[in-house]
Amino acid sequence: MIPYGRQDISQQDIDAVVDVLKSDFLTQGPQVPAFEAAVANYCGAAHAFAMNSATSALHVACLALEVGPGDVVWTSPVTFVASANAARYCGADVDFVDIDPVTYTLSAEALARKLATTKAQGGRLPKVVIPVHLCGQSCDMEAIAALAEEYGFAIIEDAAHAIGGTYQDRPIGSCAYADIAVFSFHPVKIITTAEGGMAVTNRDDLAARMALLRSHGVTRDETLMTKPSEGPWYYQQIELGYNYRMTELQAALGSSQMARLGPFVADRNRLADRYDDLLAAFPVITPRQSPACYSARHLYVICLNLDEITATHREVFESLRSAGIGVNLHYIPVHLQPYYQALGFKEGDFPVAEDYYQKAISIPLFHHMTEAQQDQVVDALHQALR
Ligand SMILES: *Cc1c(COP(=O)(O)O)cnc(C)c1O
């Protein structure tokens with residue numbers, strides 16, 4: 001089976017992890033700050049906080065922005081469930097904004113319309129909006145940030161797919177148009193730490209809160225304490241935090257992977273461009289790119305032109321799987337999940353996302369994929385579409 005995504009672990013990565021195993025610190029040593037500095041420096045962001053997953057980072061980001069009961073957070077229905085769940089962990093409500101029919105990312109126009117109608121009807125405006133950089137391509141952040149200014153919401157970019165991409169020539173994660181951006185280092189993503197994630201921000205106030213919240217709400221910083229230190233052993237818990245820390249082993253792997261980020265993303269773009277050429281005459285829509293974006297190309301999603309073929313979406317998918325092609329579907333719209341249906345969402349609520357779901361297939365793309373593997377995918381797709 002050619003997987004839809006797969007990590008690439010070098011001997012250098014293995015050596016970096018083994019060195020940590022032989023060192024004094026398996027957690028809370030020098031590797032985590034070094035990895036954080038590497039990512040912050042790459043993105044041009046002031047602060048970075050490594051955590052045990054992007055899901056944890058999204059949770060902490062919401063808490064740092066004081067999302068709580070009575071608040072509502074808006075995100076895209078075409079995302080992994082974690083983008084929405086983060087708000088639910090804080091006791092907030094979730095709502096969705098339909099996707100753009102061309103790029104499949106959260107639509108800035110749909111957001112503008114929903115904000116205007118919500119305001120006109122005296123409804124609850126979002127405290128936070130979480131745009132998702134689907135497949136590694138940035139949302140239209142300039143437009144979304146202008147709406148944030150007008151309506152007074154904060155922005156957390158779910159950049160789980162997108163490290164190594166750019167928007168308006170700035171690295172994703174620069175936070176030029178966001179309060180916080182979050183990366184994932186799950187093995188199928190662009191670089192990996194096995195499990196792992198990171199939140200980046202330029203805001204000192206949010207940085208201080210995220211540092212606390214990822215580690216029990218405990219501080220050794222006297223300026224944050226309610227009274228003077230009682231001695232060198234002293235610490236205070238000043239909030240209810242979590243243990244969301246990343247280990248030293250993971251951070252060493254992350255730093256080692258980070259050194260190859262540029263080539264990883266370049267290879268993904270080369271392969272994606274090659275798919276574009278090979279599939280040009282197929283009855284599919286290949287991914288369309290905004291000129292403002294250089295995508296990290298986490299996923300290569302095709303949409304079937306169902307009017308032009310006799311096979312169904314499911315038949316094409318099953319035929320590819322039985323030909324040994326590890327296709328996938330990113331994503332089942334979140335509002336159609338039973339958990340969210342129980343909260344009142346129903347079919348028909350987000351028609352563009354639902355239409356996308358009827359046609360989309362992620363075909364394999366990972367940076368060390370060979371052209372022979374790619375040809376095998378294209379041949380199998382050719383057979384499946386006949
Ligand atoms: C993978 C992913 C997450 C969650 O990342 P984890 O590191 O697995 O917690 C969140 N959002 C999106 C869009 C993702 O693809």
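The largest pocket of this predicted model is lined by 19 residues, among which Gln28, Ala211, Arg214, Ser215 and Val218 lie nearest its centre; a pocket is here an open set of points, on a 1 Å grid over the protein atoms alone, where a 1.4 Å probe fits, with protein on both sides within 12 Å along at least five of seven lines, and lining residues have an atom within 4 Å of a point. Its volume, the space filled by probe spheres set on the points, is about 520 Å³. The lining of the largest pocket comprises nine nonpolar, five polar and five charged residues.

The space taken by the ligand is the second largest pocket, a molecule being assigned to a pocket if more than half of its atoms lie within 2 Å of its grid points. This second largest pocket holds about 330 Å³ of space, and of its 22 lining residues Phe80, Ala160, Ser184, His186 and Lys189 are the closest to its centre.

Around the ligand there are 15 residues, of which Thr55, Asp158, His161, Ser184 and Lys189 come nearest, where a near residue has a heavy atom within 4 Å of the molecule. Oxygen atoms of the ligand lie 2.8 Å from a polar side-chain atom of Ser184, 2.9 Å from a backbone N or O atom of Ala54 and 3.1 Å from a polar side-chain atom of Tyr331. Taken alone, the ligand exposes 380 Å², of which the protein buries 93% (Shrake-Rupley method, 1.4 Å probe).

Residues are numbered from 1 along each chain as its sequence is written. Local features need pLDDT of at least 70, side-chain atom pairs count only at pLDDT 80 or more, and totals for chains, interfaces and linings use all residues, while side-chain values use heavy atoms, with hydrogens and water left out.

Key:
A polar contact is a pair of N or O atoms within 3.5 Å; within protein, one must be able to donate a hydrogen and the other to accept it, and residues adjacent in sequence count only if both atoms are side-chain atoms. Ala, Val, Leu, Ile, Met, Phe, Trp, Tyr, Cys and Pro count as nonpolar, Asp, Glu, Lys and Arg as charged, and the others, Gly among them, as polar.
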